[in-house]
Amino acid sequence: MNVCTFTGRLTRDAATKQTANGHTVCTFTVATDSTFNKQKGEMDTCFVPCSCWGPTADYVGSRGKKGMMISVTGTLCQYTWYDTNDNKASRYELAVSKAEIIYLRDAKDEREQPQAAPNPYDDPEPDPFAED
């Protein structure tokens, strides 16, 4: 089973684009603490390139700003190609299926944290027969 979850901070604002077919795609990178490096006395950082589509892309693209905490779950994909010199190259990317921006409410955190916005997948459909 190919399911990966990473939690970390966005390295830059999430970039959203529209394809020629009108689909929304969002790309971003998540910096996560990896393993403790005993020689340096600090954590190593792993940078995970990510992409998402549709409502998830709209959610991350409209809210994801540099430095914000985010948790992403998806499938790790490897893309391979041959460059102009006929050398084989490859790249890994997380194809995100679920994303959640984590809003910190700690008074010690000096960064300005926006108000928490609901995930579009958590909103129930309005009841058309409900009495107002």
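Where is Thr32 placed?

1. **Thr32.** Thr32 sits in strand 3. The model is a predicted one, and the points below should be read with that in mind. Thr32 has a relative accessible area of 7%. Thr32 therefore counts as buried, the cut-off being under 20%.

2. **Partners of Thr32.** Set aside the neighbours within four places in sequence. Thr32 is then in contact with Phe6, Thr7 and Gly8, and also with Asp44, Thr45 and Cys46.

3. **Ala31.** Strand 3 also holds Ala31. Is Ala31 buried or exposed? Ala31 has 19% relative accessibility, so Ala31 counts as buried because the limit is under 20%.

4. **Partners of Ala31.** Which residues does Ala31 touch, not counting those up to four places away in sequence? They are Gly8, Arg9, Thr11, Thr45, Cys46 and Phe47. Gly8 deserves a separate look. Ala31 and Gly8 are 23 residues apart along the chain, yet their C-alpha atoms are separated by 5.3 Å.

5. **The core.** The largest nonpolar core has 20 residues. Phe28, Cys50, Val60, Ile70, Val72 and Val96 are the ones that touch the most other members. Which elements give two or more residues to this core? Strand 1 (4-10), strand 3 (24-37) and strand 4 (42-53) do, as do helix 1 (54-63), strand 5 (69-82) and strand 6 (88-102). Strand 6 gives the most, with 4 residues.

6. **Cys50.** Cys50 is among the core residues that touch the most other members.

7. **Layout of the chain.** How many helices and strands are there? The chain has 1 helix and 6 strands. Read along the sequence, they follow the pattern β-β-β-β-α-β-β.

8. **Chain totals.** The chain has 132 residues, and 29% of them count as buried. The accessible surface of the chain is about 9500 Å². Carbon and sulfur atoms hold 50% of that surface. For contacts in the chain with a separation of 6 or more, 56% come from residues 24 or more positions apart.

Technical notes:
Residues are numbered from 1 along each chain as its sequence is written. This is a predicted model: local features need pLDDT of at least 70, side-chain atom pairs count only at pLDDT 80 or more; totals for chains, interfaces and linings use all residues. Side-chain values use heavy atoms; hydrogens and water are left out. A nonpolar core is a set of buried Ala, Val, Leu, Ile, Met, Phe, Trp, Tyr and Cys residues joined through side-chain atoms within 4.5 Å. Buried means under 20% relative accessible area, exposed over 50%, partly exposed in between (1.4 Å probe, protein chains only). Contact means heavy atoms within 4.5 Å. Accessible areas come from the Shrake-Rupley method with a 1.4 Å probe; for residues, only the protein chains shown count as cover.
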